[in-house]
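Dear colleague,

Please find the structure below. My notes on its aromatic rings and on one helix pair follow.

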Amino acid sequence: MPVDDLDPTDFHELTEALKYCVLIHDAITFDILWANRAACDLLGWTVDELKPLKAPDMSKNARQYTRELGHRWLGHAVEHGISATEWCYRSKNGEEILTEAIAIRVQLAARTAVMVQFRDIAEEKAVRRDLSRTENRLHAFLGGLAEGIVVLDDANRVVFASEAASRELGGDLDGADFTAYCCDGPVPEHEGRYRFAAPGSTPRWYAATCQRIDIESDLRGRMLLFYDITDRVSAEERHRRDTQHLDHLARYNAMGDMAMAIAHEVSQPLAAAYNFVEGARGRLGTDTADEAVAWGLDNAVRQIERARRILSSLRGYVGRLEQSEQLTDLNAIVRDCAYFVELRAQEHAVAVEFDLAAEPLPVRCENVLIGQVVMNLASNAVDEMTRWPRAERSVRIVTRRGDDGRPELAIHDRGLGPPTDERIFEGVFTSKENGSGIGLALSHRIVTRHGGTIGVHANEPRGAVFWFALPAAPTRAEAGST
């Protein structure tokens, strides 16, 4: 039906049927001229009751709802044609109603008017506040989580990253190719341990789980949850090394017991052999044949004496296995080890030079363990020199007091130089064909357990220098004076 066919009363009925509240104000005085049924129902007044009311009569008593501000808002609509605001009306029974209000200038036949359309938004505002509060809580919870969250699309691009994920991996992850952050291969698809890091950064260990999500067609893909377990992995590695160290010590002590038993058992027949040789020499005459036999017996005696010295040194060294930490001289430990180092060096035609400090180097340690370190490093140096011509085979063992006052031991060889592998002291490095790499790892654990440091650097003009330093201990005289 054409609009022209509508009766003026039809427009009135249509306006009355609106659910939106409507107030008509005079554009000059801002007095209320008319209100539709929805406005009357919401405010509780009839049209005749509304007409004489002013802003203070029907607005909330607050600074932002004063008559001056109401007139300014309506005046802005008169000047510019439209103006929107939030206005809190007060109904006849005193109820305060927060509304969204739009004032529109309307040119009527007889005058210019301002039509105000408004609706109750109190419930909507409450919902918005609840949503905002929930969003803030979720934001705070996600921000405080130690677990990082990323959602990846089918191309492994990051479509969502939590604050923890960005904090852990650094930078803005949105849109990034997550494969660049995976240090051990493809993006995880199963629960496990993985190393992640931003390109160029040091990798760290993370425990990760992965699952597919589809949130109301808004966020879909693979959700990866991960948290840092680097400290746990390091602790497990230390535990593994400690266990390995204890296993080694257990074998070492067993070997010591066996060595003591062997030394004891062998010393008896050696003593008997020595007595028999001396008895045979006493029965010899002075002729030439007897002199030849005497020469042989003399050499046999020397070999027996050598064997007895070896057994004596072995018992003296191994016998200290049961001793606890004690005050000793680093030089004395080196001297205790010297015999065994020289035996190994002689076997491979390697010259060994001992350059020990003239002053005592007091340390508090377990002698046998530090002695084990000395022999490990010295044996490695001797083994390294076996690759070179005999004339170049030399090892130099030096003790001194370092610049920081700590007693130091350094073993110089003239081999290939320091290893380039950073894991040299981790129990996984060895340059020997049948080596296990345990010697350097064990040496590292022993020295660090004593509060010392161990390292390696290049020798000049060729070779490597393996060294360790231990905390200085006061001498007995110094301890007594304090």
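Buried here means under 20% relative accessible area, exposed over 50% and partly exposed in between, with a 1.4 Å probe and protein chains only. This is a predicted model: local features need pLDDT of at least 70, side-chain atom pairs count only at pLDDT 80 or more, and totals for chains, interfaces and linings use all residues. Residues are numbered from 1 along each chain as its sequence is written, and side-chain values use heavy atoms, with hydrogens and water left out.

Phenylalanine 226 is buried, at a relative accessible area of 0%, and phenylalanine 196 is buried at 1%. The ring centres of phenylalanine 196 and phenylalanine 226 are 5.5 Å apart with planes at 85 degrees, so the pair is edge-to-face. (Rings of Phe, Tyr and Trp, the last by its six-membered ring, pair if their centres lie within 6.5 Å; planes under 30 degrees apart are stacked, over 60 edge-to-face, the rest tilted.) Phenylalanine 196 lies in strand E8 (residues 192-196) and phenylalanine 226 in strand E10 (residues 219-228), 30 residues apart; helices (H or I, at least four residues) and strands (E, at least two) are DSSP runs, numbered from the N terminus.

Now the helices. H10 (residues 330-347) and H11 (residues 367-385) pack at about 40 degrees, their axes 9 Å apart. Axes are lines fitted to C-alpha atoms, for helices over the stretch in contact (heavy atoms within 4.5 Å), and angles run from 0 to 180 degrees between N-to-C directions. Glutamate 384, in H11, is buried, with a relative accessible area of 14%.

Regards
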